[in-house]
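Q: I would like to learn how to read salt bridges in a model. Can we work through one together?

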Amino acid sequence: MTQSPVFVINPKSHKVNMQGSVLTRVAVDYGDIPIVYFDGSTPLNEALSPLLQAGRDTIYVEGGDGTVVAALSAGYAEHLSGRPMPKLAILPGGSTNLAHAVLGLKDFDPNQLRARLSQRKSQSLVQEITTHKAMLIETSDMTSPYVGFLLSNGSLARLMLYTQANLHGKTRGAVSIARAILQLSLFPYSTKDKDGLPLVRQSHFERLCEGQESEPTEQTFSLFSTFRELSLGLSPFWGRGDSQIGFTTAAWPIRRLRLGIAKALISGASQVLERHGLNSRGCSGMVFKTDGPVMLDGEDLPMPDDKTFKVSVSPDLEFLR
């Protein structure tokens, strides 16, 4: 099995910006491998899709979780046109790097990558591959879905946006997440969003079920993922069972919020949180309407005019380890 790679590098992602790009150093030795520099200012598929159409079958991604979403989404758009879904090789280039922690390359220093790439044209190439399903996120404004792993809504999405804007300094990742949780624990209702309203507040969430009456409710947040464990060792999908997607929602208001946060950190989140108004279950997909915000793997998604999102499960995707 040969490999025809393309490199996708986000020069503005935290680790790449601070330490430089590993793939850029490796690319010097492999002039036949195209490089796409992506910083989010233009859609990735504008540069990546022609390369996939020309036969590139493996995307090496060096950036944060948002860059992984962009690469997966571009690859899936081509897959919908009848082309094979490209494999992904993920290097940690961002702040939290959750996708890399679960599905990324185990060895990603320059020498290891050179050794791997030197065999890419060999018919006897053996690759360790992990398969995993992602979520497909569709709205009425889109021609092809976003593809990602962690979807948040309401106060949790606001907290992530607040962390990016106010707490992401030189120290990022788990440390900045821990700082955000600490601040939320100490000042749960006095920490303000940019609109002057509390970060923790109610959001409208209406689950739309075909052939049934809708289920409108006021919530604090909702969370979907195909991962079982998140950053800081949190496992917030205790009721998921064997379902492909874990879905957890928090009623408004969360009862005894500070105690609930402490329990989540100590226990990694479990059914003890149900007494605080949290509910967890599994699902294969969902259509819902919300007044937002909605984030996918750290990226703020545009709100469609009808405020409706469809979540479903992708086919098995392949990741090089």
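A: Start with the general idea. Side chains of opposite charge can pair when their charged atoms come close. In this predicted model, Asp195 and Arg201 form such a salt bridge, with N and O 3.0 Å apart.

Q: Is Asp195 buried or exposed, or in between?
A: Asp195 is partly exposed, because its relative accessible area is 44%.

Q: And what is the relative accessible area of Arg201?
A: Arg201 has 18%. Buried means under 20%, so Arg201 counts as buried.

Q: Which other residue forms a salt bridge with Arg201?
A: Asp193 does, with the closest N and O atoms 4.0 Å apart. Here both partners, Arg201 and Asp193, are buried.

Q: How do I read a pair across the sequence?
A: Check which elements hold the two residues. Take Lys87 and Glu318, a salt bridge whose closest N and O atoms are 3.6 Å apart. Lys87 lies in strand E4 (residues 87–92) and Glu318 in strand E17 (residues 317–320). They are 231 residues apart, so the pair links distant parts of the chain.

Q: Which residues are linked in a network?
A: Salt bridges join Asp32, Arg120 and Lys121 into a network.

Q: How many salt bridges does the structure hold?
A: The structure holds 10. Buried residues make up 50% of its 321 residues.

Notes
Residues numbered from 1 in each chain as written. Predicted model: local features only at pLDDT ≥ 70, side-chain atom pairs only at ≥ 80, totals over all residues. Heavy atoms only, no water. Buried < 20%, exposed > 50% of the residue type's maximum accessible area, 1.4 Å probe, protein only. Salt bridge = Lys/Arg side-chain N within 4 Å of Asp/Glu carboxyl O. Helix = DSSP H or I, 4+ residues; strand = E, 2+ residues; numbered from the N terminus.
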